[in-house]
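Please look over the sequence and structure first, then read the points below.

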Amino acid sequence: MTRPITTLALALAAGLAAGAAARAADPESCQTIRLSDPGWTDITSTNSIASVILTGLGYEPDVKTLSVPVGYEAMKSGDVDVFLGNWMPGQAAARADLDAAKAVEVITRNLTGAKFTLAVPSYVGITDFAELAPNGDKFDQKIYGIESGAGGNLSIQKMIDADEYGLGDWTLLETGEQAMLAQVERAAPDDWIVFLAWAPHPMNTAFDITYLAGGDTYFGPNYGGAEVFTLARTGWPAECPNAAKFFQNLVFDLEVENQMMGLILGGEDPVPAAEAWLKEHPDALGPWLEGVTTFDGQPGLAAVQASLGL
């Protein structure tokens, strides 16, 4: 009798273990993950990589196109779960508001080595904020920014309102990323233009540009040297620990983002571009999926590799 009982016990134990392995890593309420995208190509790139991997894990990413202020309000109201584009210190004022409201938690710093300040085409020949006002006529006293409400635009407008660097009678044109870059392209090779620029971005290889020194008060030192953080609405990491672990692991570098952004700006749809990039760089998956399972509790790396046909 001992042997059959032992065999039965082992079978029961194996069954229980299998059941535990198949149990959802996160509750059902976590299966849909709502991400905010302000329409910036860098965040579209990182959202697309995240979406492809999340889909392979059995989650359902829902990317919402929202300006930065609207996206942050959506995090306050609980309508957005995760934002991969908290540029600091450019969004310091917005972050202070979120922190005061206890609306978000920092999951990780997902990018270092970024920069964010005003730039000109190198043929213009100036190198400092102080040289803008003396050449105001050549610039038509205009600074080209991105979409309304973006942190960089707010910094530019504060500069103008304070008549800093003699820019009090200049105008900020809030046009959106693609419209701004189209204007830079149209200006070449003779017209003078000053615009909001940043890295990572393929603009740094598409155009010969010079980042302007001297804007530390408004953009920070080292040409607006920036770090990018992943934020979650307050309470979400505790509610969805497996998905939160993935976002904690999801850290990028400038080269990854430049490559992805180049694909998108070259005309590829973001999600297929992310799939193609991941197939060409399968080694990226290991660190991003360390300690992460599928939504139903299975090994995460194997599932994503299978979903990509690797």
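Which residues of helix α6 (residues 177–187) are buried? They are E177, M180, L181, V184 and A187, where buried means under 20% relative accessible area, exposed means over 50%, and partly exposed lies in between (1.4 Å probe, protein chains only). This is a predicted model, in which local features need pLDDT of at least 70 and side-chain atom pairs count only at pLDDT 80 or more, while totals for chains, interfaces and linings use all residues. Residues are numbered from 1 along each chain as its sequence is written, and side-chain values use heavy atoms, with hydrogens and water left out.

**Overall build**

- The protein has 15 helices and nine strands; helices (H or I, at least four residues) and strands (E, at least two) are DSSP runs, numbered from the N terminus.
- Along the principal axes, the C-alpha atoms of the protein fill a box of roughly 100 × 40 × 25 Å.
- Of the 310 residues in the protein, 46% are buried.
- Contact means heavy atoms within 4.5 Å. Among contacts in the protein between residues at least 6 apart in sequence, 79% join residues at least 24 apart.
- The protein exposes about 13800 Å², and carbon and sulfur atoms supply 54% of this area. Accessible areas come from the Shrake-Rupley method with a 1.4 Å probe, and for residues only the protein chains shown count as cover.

**Helix α6**

- Seen down the axis of α6, the buried residues fall within an arc of 115°, so they line one face of the helix. The arc is that of the directions from the helix axis to the C-beta atoms.
- On the other side of α6, E185 and R186 are exposed.
- The cover over the buried residues of α6 includes α2 (41–56), β5, β7 (194–199), α7 (203–206) and α12 (254–265).

**Charges and salt bridges**

- The protein has 16 positive and 40 negative charges, and their mean positions are 9 Å apart. Lys and Arg count as positive and Asp and Glu as negative, while His and the chain ends are not counted; the place of a charge is taken as NZ of Lys, CZ of Arg, CG of Asp or CD of Glu.
- The structure holds nine salt bridges, each a side-chain nitrogen of Lys or Arg within 4 Å of a carboxyl oxygen of Asp or Glu.
- One of the salt bridges joins the side chains of D81 and R34, at 2.8 Å from N to O. D81 lies in the loop between α3 (68–76) and β3 (82–88) and R34 in strand β1 (residues 32–37), so the pair ties together parts that are 47 residues apart in sequence. D81 is buried, at a relative accessible area of 2%.
- D99 and R95 form a salt bridge, with the closest N and O atoms 3.5 Å apart. Both belong to helix α4 (residues 92–100), and because they are four residues apart there, about one helical turn separates them. D99 is partly exposed at 39%, whereas R95 is buried at 13% relative accessibility.
- K142 and D140 form a salt bridge, with the closest N and O atoms 3.1 Å apart. K142 is partly exposed at 28% relative accessibility, and D140 is partly exposed at 48%.
- Salt bridges that share partners join R34, D81, R233 and E239 into one network.

**Residue N135**

- N135 sits in the loop between β4 (104–121) and β5 (142–145) and is buried, with a relative accessible area of 17%.
- Leaving aside neighbours within four places in sequence, N135 is in contact with I126 and W192.
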